[in-house]
Amino acid sequence: MKQLKVGYLPLVKGSWVNGKQEIRRAEVIGMFSKLDAEIVEEGRIIVTEEEANSSIAKFEQERVDAVIVHFLSFALGAVVPAAARRLGVPVIFWSEPEPPWDGGRIQKNSFCGTNCNAHALWKMRLPYTFVYGEGPEAVEAIGRKLRVVAAVKGLRNLRIGSVGGRVPGFYASNYDELQLLDTFGISTEKLTMLEVVEKARKIFADSAEPCAPVADPIRSFDISDEERRRLKALFQAFVETAEKYRLDAFAIRCWPEFSDIYGIGVCALIGLLNEAGFVTGCEGDMIGTVTMKLGSLLVPGEKPFFCDLISFDEKANTGVVWHCGAAAPSLCRSGCEPRFCKHSIIDGGGVKGVSCEFPLKPGRVTLMRIGEDRDCGYRLFMAAGTALETEQLLRGTPLQVKFDEKVSDLIETIIDEGVEHHYALIHGDVTAELKLFAKWMGIKII
């Protein structure tokens, strides 16, 4: 099933109509098959206001998530602003280059159509964006814009369980429930640690081998059989809790008392939940969890990594991001193997399980963080770079990143702007998508 429904409005001004535009429209519909979207259209070019109104009514009935306005030629400026206001969804303007000049009449005047309508939507404060080109690269660019539409839609109606609140002293993990709901449409459910732990204890007691198979693929471990069974029971408890409260994600108070109450730490659990599709943040950081979810929506199929930036080298222009063993196992570097370990920090280290430790895979990455602005609303920090082949530099899940920007400037921004110390890292450069997301959501960019 396609992720989005997208209206397609191929506009032509009456005095520009020729046989080429209908051929082009059919070509474009074929190119759209590569998009993760169901295309809603009338099956013809749109010339008159009556035809446009018919298309808009169809879009409204089909409840489209966005509209692609394709200027096959110049078109009148009254249709698009009315449609954008009526539908209340983002508009993607698509203009094509002019054919080679031949000394005669202008052939398309396509860009001018976008220019005219962009002004109107800008003045009306309605969300829009722009693509220029005519080949597969233009459709690919449209696909990237649609991923932002999908991200906005994916955050809307998201339900996140806050298990136990935040950890002591981590003010960066505070959040405003109503502001989160008002801005993104995200609801939060406050849950006690006791509810989940008691459920896990019952699962653990009722079966010599809890049913959750999620831990089985991890073949390397130095934890006890009991700790492994407790981990599987706890995973099953979280899955059942998600079903009970209709949750899509979790933010967990993972210390200080969880390991005392249940007997194991929850780092490996967090990684397994992320692997299973329940985006889960550490240390009770709700907005950090939202940032992780945003990353996963912008790069479908990739798992987000909740991390700290713990070190940087100005000469090499690199930094090391890390956390203590809560990453999704599929993020493991090729040639290495995830390992269930006694936690390196809990009770002084090496006493209790369970963390899952490995160096992360290399590739293009984006470090990102949504945060509450101290005045009003939200802000978004982002930094792109290339993750390097990283050894097991220290216990946990390390990754060395060579940043695109000068690392000294990056660090100065982080400190001067008071950026929260928890980040989400996603494999892929999504800075352009994040800028568009911030524009549409009215979020300040750092």
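Before anything else, my pairing rule: two strands count as paired if DSSP finds at least two bridges between them. Helices (H or I, at least four residues) and strands (E, at least two) are DSSP runs, numbered from the N terminus.

Ground rules for my notes. I'm working on a predicted model, so local features need pLDDT of at least 70 and side-chain atom pairs count only at pLDDT 80 or more, while totals for chains, interfaces and linings use all residues. Residues are numbered from 1 along each chain as its sequence is written, and side-chain values use heavy atoms, with hydrogens and water left out.

**Entry 1: a three-stranded sheet**

I looked up the strand order and found an open sheet of 3 strands, β8-β13-β14, with mixed pairing. The edges belong to β8 (220-221) and β14 (353-357); each has a single partner strand, so one side of each is left without a neighbour in the sheet. As a reminder to myself, strands of a sheet pair through backbone hydrogen bonds, either parallel or antiparallel.

Both senses turn up here. β8 and β13 are parallel, over 2 bridges, and F221 sits opposite F340 in β13. Strand β13 (residues 339-342) runs antiparallel to β14, and 4 bridges join them. On that side F340 faces C356 in β14, and R339 is opposite E357 in β14.

What lies across β13 and β14? I found helix α10 (residues 267-275) there, running at about 50° to β14. For that angle, axes are lines fitted to C-alpha atoms, for helices over the stretch in contact, and angles run from 0 to 180 degrees between N-to-C directions.

**Entry 2: helix α12**

Next I checked burial, where buried means under 20% relative accessible area, exposed over 50%, and partly exposed in between (1.4 Å probe, protein chains only). In helix α12 (residues 407-416) the buried residues are V407, L410, I411 and I414. Looking down the axis of α12, I see its buried residues within an arc of 95°, so they line one face of the helix. The arc is that of the directions from the helix axis to the C-beta atoms.

Those buried residues pack against β11 (305-313), β12 (318-323), β16 (378-387), β17 (397-403) and β18 (423-427); contact means heavy atoms within 4.5 Å. Just after α12, I noted that G418 has a positive phi of about 60°.

**Entry 3: cysteines**

I searched for disulfides (a pair of cysteine sulfur atoms within 2.5 Å) and the count came to 0. C254 is in none: the nearest cysteine sulfur, that of C282, is 5.2 Å away. C254 counts as buried at 12% relative accessibility, whereas C376 counts as exposed at 63%.

**Entry 4: aromatic rings**

My ring rule: rings of Phe, Tyr and Trp (its six-membered ring) pair if their centres lie within 6.5 Å; planes under 30 degrees apart are stacked, over 60 edge-to-face, and the rest tilted. That gave me 14 aromatic pairs.

I opened F32 and W94, a tilted pair at 6.1 Å centre to centre with 45° between the planes. F32 is buried, as is W94.

F93 lies in strand β4 and Y128 in strand β5 (residues 128-132), so the pair ties together parts 35 residues apart in sequence. Both F93 and Y128 are buried. I also noted a cluster in which ring pairs link Y8, F32 and W94.

S110 is in helix α4 (residues 110-123) and counts as buried at 0% relative accessibility. Leaving out residues up to four places away in sequence, S110 touches F71, S73, F74, W94, S95, E96 and E98. I also took its C-alpha to C-alpha distance to L11: S110 and L11 are 9.6 Å apart in space and 99 residues apart in sequence.

Buried or exposed: which is R159? R159, in strand β6 (residues 159-163), counts as buried at 17% relative accessibility.
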